[in-house]
Amino acid sequence: MKKFLEEAKTHLMTGVSYMLPFVVAGGLLLTIGLLLGGGEQETGFAKQTVKAGVLIFSLMVPVMAGYMSYSIADRPGIAPGMVGGLIAHEIGAGFLGGIVAGFLAGYIVNFIKKLPMHPYIAALKPIIVIPLLGVGIVSLLMYIIGQPIALASKGLEAWLTSMSGGNLALLGLIIGAMMAFDMGGPINKVAFAFCVGMLNEGVYGPMAACWIGIMTPPIGLALATRIAPKKFTAGERQSALPTTIMGATGITEGAIPFAVGAPLQVIPSIVVGSAVGGALAMALGAAAPVPSGGVFVIPFFIKPFMFLLAFAAGIITTALMTVLLKKNVEEDVTYTQEAV
């Protein structure tokens, strides 16, 4: 079971990694168009920019499903997976439907590949049999099982859209904490996948909390080395600048060396700091339409100043809590004696 879950995570993250360029391009174009007033205009450059962003977003689920299927079944899985993802998008099953379509397509194609066939038919398997049967079966199944998934997806979207005040803060707190907990590990990836899925539904608030959880841990720890240098080794102090750069560019893994050295002090600190920042970001109405780019895409956020306020709160909380929990580090000192 553990091996299956590990493989499933790999397949999901393969799909997400291939999908990200489309989400980034679509999110940035959509945001630029909205900043130029395309949301209120009927025609013109800004309106077309918004339409282009929305159109690119529509590729997100098919691409993810196609490459999840590719991860499972190699190239023959791409077409059935993309078609399944396209149907998921069409019927409103969204990100959840795309995940189901990707897994279905991959395992169905693998099953078809193993079926014994007459040599004449087997020669046609890669170019006719697998595409026809794979696409046909996946399409049929998605139209059947996709409907309840669509209802669940729309219910989740409606619930998130209706959230306000304390509920939003609680969601932001959970997302921020999950993103920071294992610094790029499976829990981080689950939260990230959820937030990316919400982008496809036009719900951008969770991604703001996600960004807090991505960038806060390394930057907060780097700040802690400056506040209380005696509580960190020379190597940790010297790594403060590269760690800050990693955090600013969206690489949470910069916090890992600190966590390895003092897990009981560092992990609670980054979790609490990211949770505080994530809760504030969503409570203040910050929203992020793009899942990649680090600090360079903050100007494209909705309410970027509110995001920066929450981001700063998360960094400061992380740094202060780390300083409070850690003890001074005893480093080796070499004494020399001058010859008399």
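# Exercises on a predicted all-residue model

The protein chain has 15 helices and 0 strands. The model is a predicted one.

## Exercise 1. Overall dimensions and surface

Task: State what box the C-alpha atoms of the protein chain fill, and what percentage of its residues count as buried.

Solution. 
Step 1. Taken along the principal axes, the box filled by the C-alpha atoms is roughly 95 × 55 × 35 Å.
Step 2. The protein chain has 340 residues, of which 48% count as buried.
Step 3. Among contacts with a separation of 6 or more, 74% come from residues 24 or more positions apart.

## Exercise 2. Charges and the salt bridge

Task: Determine how far apart the mean positions of the positive and negative charges are, and which side chains meet in a salt bridge.

Solution. 
Step 1. The protein chain carries 18 positive and 15 negative charges, and their mean positions are 4 Å apart.
Step 2. A salt bridge requires a side-chain nitrogen of Lys or Arg within 4 Å of a carboxyl oxygen of Asp or Glu. By this rule the count is 1 salt bridge.
Step 3. The partners are Glu6 and Lys9, with an N to O distance of 3.9 Å.
Step 4. Both residues belong to helix α1, where they are 3 residues apart, about one turn of the helix.

## Exercise 3. A nonpolar patch

Task: Identify which residues make a nonpolar surface patch of about 460 Å², and locate Leu5 in the secondary structure.

Solution. 
Step 1. The patch is made by Met1, Phe4, Leu5 and Tyr107.
Step 2. Leu5 lies in helix α1, which covers residues 2-35.

## Exercise 4. C-alpha pairs separated in sequence

Task: Find the C-alpha distance between Leu173 and Ala279 and that between Gly33 and Ala46. Is Gly33 buried or exposed?

Solution. 
Step 1. Leu173 is placed in helix α8, residues 166-181.
Step 2. Leu173 and Ala279 are 106 residues apart in sequence, while their C-alpha atoms are 4.4 Å apart in space.
Step 3. Leaving aside residues up to four places away in sequence, Leu173 touches Ala275, Gly278 and Ala279.
Step 4. Leu173 has a relative accessibility of 38% and thus counts as partly exposed.
Step 5. Gly33 is in helix α1, and a distance of 4.7 Å separates its C-alpha atom from that of Ala46, 13 residues away along the chain.
Step 6. The relative accessible area of Gly33 is 0%. Buried means under 20%, so Gly33 is buried.

Key:
Residues numbered from 1 in each chain as written. Predicted model: local features only at pLDDT ≥ 70, side-chain atom pairs only at ≥ 80, totals over all residues. Heavy atoms only, no water. Patch = residues over 30% accessible without salt bridge, like charges linked within 9 Å, V, L, I, M, F, W, Y side chains within 5 Å. Areas by Shrake-Rupley, 256 points an atom, 1.4 Å probe, with all protein chains shown as cover. Helix = DSSP H or I, 4+ residues; strand = E, 2+ residues; numbered from the N terminus. Buried < 20%, exposed > 50% of the residue type's maximum accessible area, 1.4 Å probe, protein only. Contact = heavy atoms within 4.5 Å. Lys, Arg positive; Asp, Glu negative; His and termini not counted. Charge placed at Lys NZ, Arg CZ, Asp CG, Glu CD.
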